[in-house]
Amino acid sequence: MLWPKLDTDVAALAWLKRQPFAHRGLHNAAMGIPENSWAAFDRAVEAGVGIELDIQITRDGDVVVFHDATLDRMTGARGPVNQRGRDEIRRLKLLGTDEGIHTLHDTLIRVRGRVPVLIEAKVPPQQDFAPICFAIRRALEGYRGECAVMSFNHKLVGWFYRHHPKVQRGLVMTEAERGAALSRYDIRRRLKRQHAVRHAHPMFIAYDVAKLPSQFIEEAREKDRPVLAWTVRSNAERKIAAQYADQMIFEDTRGPKPA
């Protein structure tokens with residue numbers, strides 16, 4: 001596979017390898033600490049691990065820290081996030097706790113650069129990605145902490161390459177190949193993956209730990225792209241991440257153990 005030239009110094013990406021990242025923060029619903037909440041992020045800061053968080057765009061063009069496309073699972077409300085205004089969403093509570101939903105801008109102010117932050121932008125393939133890109137860029141203005149934007153949507157990642165290349169960016173990826181023998185389906189998948197990489201010019205890859213080891217990931221590391229394995233939930237997966245990736249995005253209520 002022909003990889004695009006890395007458009008930053010390798011040393012500028014070293015922070016991605018330095019510490020594991022807590023998936024949606026160090027959350028624990030049983031302790032009243034919901035995912036993507038300030039309590040979960042505060043706990044990650046106290047533990048000295050990075051934060052991985054998710055963002056969705058609101059009806060009025062801001063971005064809030066929230067994983068799902070709909071409000072149903074995490075709040076008492078129903079319906080898509082992108083059909084609610086920012087202030088309306090901020091009044092909602094997570095999982096019946098006192099924890100609210102916050103904007104990306106306010107969350108970055110809360111973190112204050114004390115630990116690195118991975119921002120995963122959630123954009124369905126059929127949705128226009130430009131509005132959330134502009135909203136992310138506004139939220140990042142003036143922020144001096146270590147952070148990066150990543151997404152499954154290669155067009156979104158490519159937007160940052162073309163319009164704001166100083167924002168570090170990564171592709172979130174998995175595999176769907178079936179067996180050792182290459183079928184036409186597998187070839188199409190590989191061509192699609194190659195197109196995504198060439199379009200997005202990713203500086204790093206966040207990769208499904210369940211699909212490791214991978215020849216594609218070996219190539220990525222050879223081309224100086226840090227690889228973060230997601231989502232690590234067991235000791236067996238920790239070992240896989242340690243062997244085949246550079247760092248992990250983990251979810252473990254017992255606390256972090258660096259890969």
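This is a predicted model: local features need pLDDT of at least 70, side-chain atom pairs count only at pLDDT 80 or more; totals for chains, interfaces and linings use all residues.
**Entry: Thr75**

I started in the loop between strand 3 (63-65) and helix 3 (86-90), where Thr75 lies. Is Thr75 buried or exposed? I find it buried, because its relative accessibility is 10% and the cut-off for buried is under 20%. Next I looked at what the side chain of Thr75 reaches. It comes to 2.9 Å from the backbone oxygen of Leu71, and to 3.0 Å from the backbone nitrogen of Ala77. Setting aside residues up to four places away in sequence, I list Phe66, Leu92, Lys93, Leu94 and Ile101 as touching Thr75. I also checked one of these pairs by C-alpha: Thr75 and Leu92 are 17 residues apart in sequence and 6.7 Å apart in space.

**Entry: Arg78**

I stayed in the loop between strand 3 and helix 3, which also holds Arg78. With a relative accessible area of 68%, Arg78 is exposed. Which residues does Arg78 contact, leaving aside neighbours within four places in sequence? I noted Leu71, Asp72 and Arg84. Leu71 was already in my notes, as its backbone oxygen is reached by the side chain of Thr75.

**Entry: helix 5 and its surroundings**

I then turned to helix 5 (residues 130-140). My list of buried residues in helix 5 reads Ala130, Ile132, Cys133, Ala135, Ile136, Ala139 and Leu140. What do the buried residues of helix 5 pack against? I wrote down strand 2 (50-57), strand 3, helix 4 (104-111), strand 4, strand 5 (147-151) and helix 6. Just past the end of helix 5, I found Gly142 with a positive phi of about 85°.

**Entry: helix 5 against helix 6**

I took the partner helix 6 (residues 154-163) next: the two helices pack at an angle of about 50°, with their axes 10 Å apart. That angle makes helix 5 and helix 6 oblique to each other. Their crossing is right-handed. From helix 5, Ile132, Cys133, Phe134 and Ile136 make the contact, and from helix 6, Leu156, Trp159 and Phe160 do. Sorted by class, I get 7 nonpolar residues in this contact, with no polar and no charged ones.

**Entry: helix 2 against helix 4**

For a second pair I picked helix 2 (residues 38-47) and helix 4, which pack at an angle of about 30° with axes 11 Å apart. Helix 2 is therefore roughly parallel to helix 4, as angles under 35 degrees count that way. This crossing, too, I logged as right-handed. Trp38, Phe41 and Asp42 of helix 2 meet Asp106, Thr107 and Arg110 of helix 4. By class, I have 2 nonpolar, 1 polar and 3 charged residues in the contact of helix 2 with helix 4.

**Entry: Glu120**

I moved to strand 4 (residues 117-121) for Glu120. Glu120 has a relative accessible area of 7%, so I call it buried. What does the side chain of Glu120 make a polar contact with? I found the side chain of Lys122, at 2.9 Å. Beyond neighbours within four places in sequence, Glu120 is in contact with Glu52, Leu53, Asp54, Ile55, Met150, Phe152 and Val172.

**Entry: Arg169**

I placed Arg169 in strand 6 (residues 169-173). At a relative accessible area of 1%, Arg169 is buried. Its side chain reaches the backbone oxygen of Pro165 at 3.5 Å. My contact list for Arg169, without residues up to four places away in sequence, includes Asp7, Val149, Val157, Phe160, Tyr161, His201 and Phe204.

**Entry: backbone geometry**

His201 is not a glycine, yet has a positive phi of about 50°. I located His201 in the loop between helix 7 (184-200) and strand 7, and with a relative accessible area of 16% it is buried. Arg112, also not a glycine, has a positive phi of about 60°. Arg112 sits in the loop between helix 4 and strand 4 and counts as exposed at 58% relative accessibility. Which peptide bond did I log as cis? The one from Leu212 to Pro213, with omega near 0°. Pro213 lies in the loop between strand 7 (204-208) and helix 8 (215-222).

Methods
Residues are numbered from 1 along each chain as its sequence is written. Side-chain values use heavy atoms; hydrogens and water are left out. Helices (H or I, at least four residues) and strands (E, at least two) are DSSP runs, numbered from the N terminus. Buried means under 20% relative accessible area, exposed over 50%, partly exposed in between (1.4 Å probe, protein chains only). Contact means heavy atoms within 4.5 Å. A polar contact is a pair of N or O atoms within 3.5 Å; within protein, one must be able to donate a hydrogen and the other to accept it, and residues adjacent in sequence count only if both atoms are side-chain atoms. Axes are lines fitted to C-alpha atoms, for helices over the stretch in contact, and angles run from 0 to 180 degrees between N-to-C directions. Angles under 35 degrees count as roughly parallel, over 145 as roughly antiparallel, 65 to 115 as roughly perpendicular and the rest as oblique. A crossing is left-handed if the near helix is turned anticlockwise from the far one by less than a right angle, and right-handed if clockwise. Ala, Val, Leu, Ile, Met, Phe, Trp, Tyr, Cys and Pro count as nonpolar, Asp, Glu, Lys and Arg as charged, and the others, Gly among them, as polar.
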